[in-house]
Amino acid sequence: MRVAVLGAGVVGVSTAWQLLKDGHDVILVDRGQEAANFSSHANAGCVGAGFAMAWGSPRAFTTMRRSLRRRDHIVRLRPTLSPEFWRWVRRFRRECTAERAAANTTAMARLCAYSQGVLRDVIDETRVEFNRRADGLIYFFRDGENLARASAASQFMEDAGVRIEDVDGARVRALLGVSGNDDITGGLLAPEDESGDARLFTLALAERCREAGADIRLGTNVDQLIIEGGRVVAAQTSGGRIEADAFVVCLGVFSQALLRPLLRPFGLDLPIYPVKGYSATFPVRRDDSPPAIGGVDIDRGLAFAPFGDRLRMTRTLHFDGYRTSFRPSDFRKLYATARLAFPTGADYGQPTCWAGLRPMTPTGMPIIDRTPIDGLWLNAGQGNFGWTMAAGSARLLADLLATGETALPRTGLELAPA
Ligand SMILES: Cc1cc2nc3c(=O)[nH]c(=O)nc-3n(C[C@H](O)[C@H](O)[C@H](O)COP(=O)(O)OP(=O)(O)OC[C@H]3O[C@@H](n4cnc5c(N)ncnc54)[C@H](O)[C@@H]3O)c2cc1C
């Protein structure tokens with residue numbers, strides 16, 4: 001079958017790879033000049049199932065309300081009248097019961113763990129290099145109550161097949177290889193979690209796709225899909241018309257813009273909303289001592305991963321529409337937190353700054369499904385776990401397209417009525 005994959009972020013390129021493995025002819029289209037030019041460009045680098053917690057919980061709205069008062073809060077919210085935002089909030093509110101939080105967290109952890117296995121296969125098949133570290137991630141706490149809550153919730157991860165070890169503050173410091181930080185009370189170690197640079201992975205895998213015969217069209221904007229007789233027959237692009245038997249939309253936060261007019265007549269809507277995050281990458285000098293493994297300083301909202309001679313750190317969940325702009329002040333708290341946690345971790349005077357958008361659904365689960373339009377498929381909305389979920393999401397999509405059967409239950413992954 002000739003399949004056009006729209007979007008060459010980590011999800012689109014991973015999807016292209018799985019489809020090529022299944023023997024399809026693949027065309028991969030992206031408007032950027034290279035793969036991983038948008039949300040997959042400079043994320044935190046954590047391939048982690050160990051803390052795959054759904055955002056929706058009975059405490060979520062209290063956190064959001066608090067964020068309105070403080071500019072440096074982990075969650076930031078720019079007040080908006082955007083109907084798209086308020087539609088998303090209405091659906092998110094439904095996910096904020098204890099029952100929905102448990103179900104969503106279990107489903108997310110299961111997909112993350114499955115995806116880690118598929119990613120390991122992809123690495124074995126392709127030998128791609130991306131500053132990978134496969135020695136676990138540490139999720140640590142300074143607040144004892146938060147640690148106790150997270151430790152109880154880690155049962156959901158374990159039920160989903162994720163290995164978690166409770167560790168005390170001294171062990172956290174030893175794992176990180178840092179001194180100071182005496183206020184760390186303890187943490188959760190996920191020994192099978194990994195880290196690595198998603199952009200390098202995506203670029204290298206795109207190259208393997210090209211070698212395996214994919215027709216990769218960069219600098220090509222998809223303007224619209226052409227439907228004839230209830231079937232998608234072509235994509236109208238800035239580089240002309242692209243015809244295929246199937247089209248898989250992997251456009252991250254932009255999936256909604258392309259699909260909304262097509263899905264509306266069916267009473268369907270894509271509940272994917274952008275949530276901005278800020279990332280800084282610092283050079284590591286010879287005498288610096290970066291954290292030995294990646295992880296998250298949970299109470300300070302700082303995610304980090306060592307990439308050889310670079311240290312990547314990210315912070316903040318900012319509801320700021322589709323803006324990717326940033327100001328120096330957006331990073332002030334990140335720098336301060338980084339210096340506090342890892343005083344000699346890197347050259348903090350030389351940051352490379354970036355802001356990206358997480359394609360968030362209200363449940364935290366992506367939508368991996370066929371649409372009511374023949375030949376039109378969807379693999380988008382991996383949210384704050386898109387790097388972790390990409391390989392597994394790609395395999396699920398390829399299996400669904402080939403056989404209608406998938407290795408994981410379909411519940412939570414379907415396109416649902418608006
Ligand atoms: C600060 C931050 C930290 C994060 N940390 C982590 C982490 O540690 N671990 C983790 O698992 N996840 C993390 N994530 C989430 C992860 O980065 C995303 O979920 C993931 O990159 C989404 O990938 P994608 O391929 O769906 O989207 P994208 O990478 O955005 O790819 C979509 C592609 O579609 C293209 N496109 C869009 N519209 C069109 C069009 N009309 N025509 C042609 N091309 C188009 C874009 O150019 C883009 O390349 C983080 C995200 C952020 C912002």
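Which residues does Pro-290 touch, not counting residues up to four places away in sequence? In this predicted model, Pro-290 touches Val-284, Pro-306, Leu-311, Phe-342, Gly-345 and Ala-346.

**The loop between S14 and S15**

- Pro-290 lies in the loop between S14 and S15, and it counts as buried because 25 C-beta neighbours fall inside 10 Å, where 20 or more are needed.
- Along the chain Pro-290 and Asp-347 are 57 residues apart, while their C-alpha atoms are separated by 9.9 Å.
- Ala-292 is also found in the loop between S14 and strand S15, the latter spanning 294-297, but with 15 C-beta neighbours inside 10 Å Ala-292 counts as partly exposed.
- Once residues up to four places away in sequence are set aside, Ala-292 touches Leu-175, Leu-176 and Gly-177, and the C-alpha atoms of Ala-292 and Leu-175 are 6.7 Å apart in space although the two residues are 117 apart in sequence.

**Helix H6 and its two sides**

- Within helix H6, which covers residues 169-176, the residues Val-172, Leu-175 and Leu-176 are buried. They lie on the same side of H6 because they cover an arc of only 95 degrees around the axis.
- The other side of H6 carries Ala-170 and Ala-174, which are exposed.
- The packing partners of the buried residues of H6 are strand S5 (137-141), strand S6 (165-168) and strand S7 (186-190).
- H6 is followed by Gly-177, which has a positive phi near 70 degrees; Gly-177 is also among the residues that Ala-292 touches.

**The largest nonpolar core and helix H4**

- The largest nonpolar core has 127 residues, of which Leu-6, Leu-28, Cys-209 and Val-249 touch the most other members. Helix H4 supplies the largest share of this core, with 11 residues.
- In soluble globular proteins, nonpolar side chains tend to be buried together.
- Leu-28, one of the residues touching the most other core members, is in contact with Val-5, Ala-8, Gly-12, Val-13, Ala-16, Cys-209, Ala-214 and Ile-216 when its neighbours within four places in sequence are left aside.
- Helix H4 comprises 29 residues, 98-126, and from its first C-alpha to its last it reaches 41 Å, which is close to the 42 Å expected at 1.5 Å a residue.

**The shell around the ligand**

- There are 40 residues around the ligand, and those that come nearest are Gly-9, Ala-44, Gly-252, Gly-277 and Gly-386. Two or more residues of the shell come from each of helix H1 (10-21), strand S14 (273-283), strand S18 (352-360) and helix H10 (386-403).
- Strand S18 gives the most to the shell around the ligand, contributing 4 residues.
- By residue class, the shell around the ligand divides into 17 nonpolar, 20 polar and 3 charged residues.

**The segment after H10**

- Leu-413 lies in the segment after H10 and counts as buried, having 24 C-beta neighbours inside 10 Å.
- Not counting residues up to four places away in sequence, Leu-413 touches Met-365, Pro-366, Ile-367, Ile-368 and Asp-369. The C-alpha atoms of Leu-413 and Ile-367 are separated by 4.7 Å, although these residues are 46 apart along the chain.

- Asn-181, which is not a glycine, has a positive phi of about 50 degrees; Asn-181 is placed in the loop between H6 and S7 and counts as partly exposed, with 17 C-beta neighbours inside 10 Å.
- Thr-316 is likewise not a glycine and has a positive phi of about 85 degrees. The place of Thr-316 is in strand S17, residues 310-319, and Thr-316 is buried, with 23 other C-beta atoms within 10 Å.

Technical notes:
Residues numbered from 1 in each chain as written. Predicted model: local features only at pLDDT ≥ 70, side-chain atom pairs only at ≥ 80, totals over all residues. Buried ≥ 20, exposed ≤ 12 C-beta atoms within 10 Å, placed from the backbone. Arc of directions from axis to C-beta. Contact = placed C-beta atoms within 7 Å. Near = placed C-beta within 6 Å. Nonpolar A, V, L, I, M, F, W, Y, C, P; charged D, E, K, R; others polar. Expected span 1.5 Å × (residues − 1). Core = buried A, V, L, I, M, F, W, Y, C linked by C-beta atoms within 7 Å.
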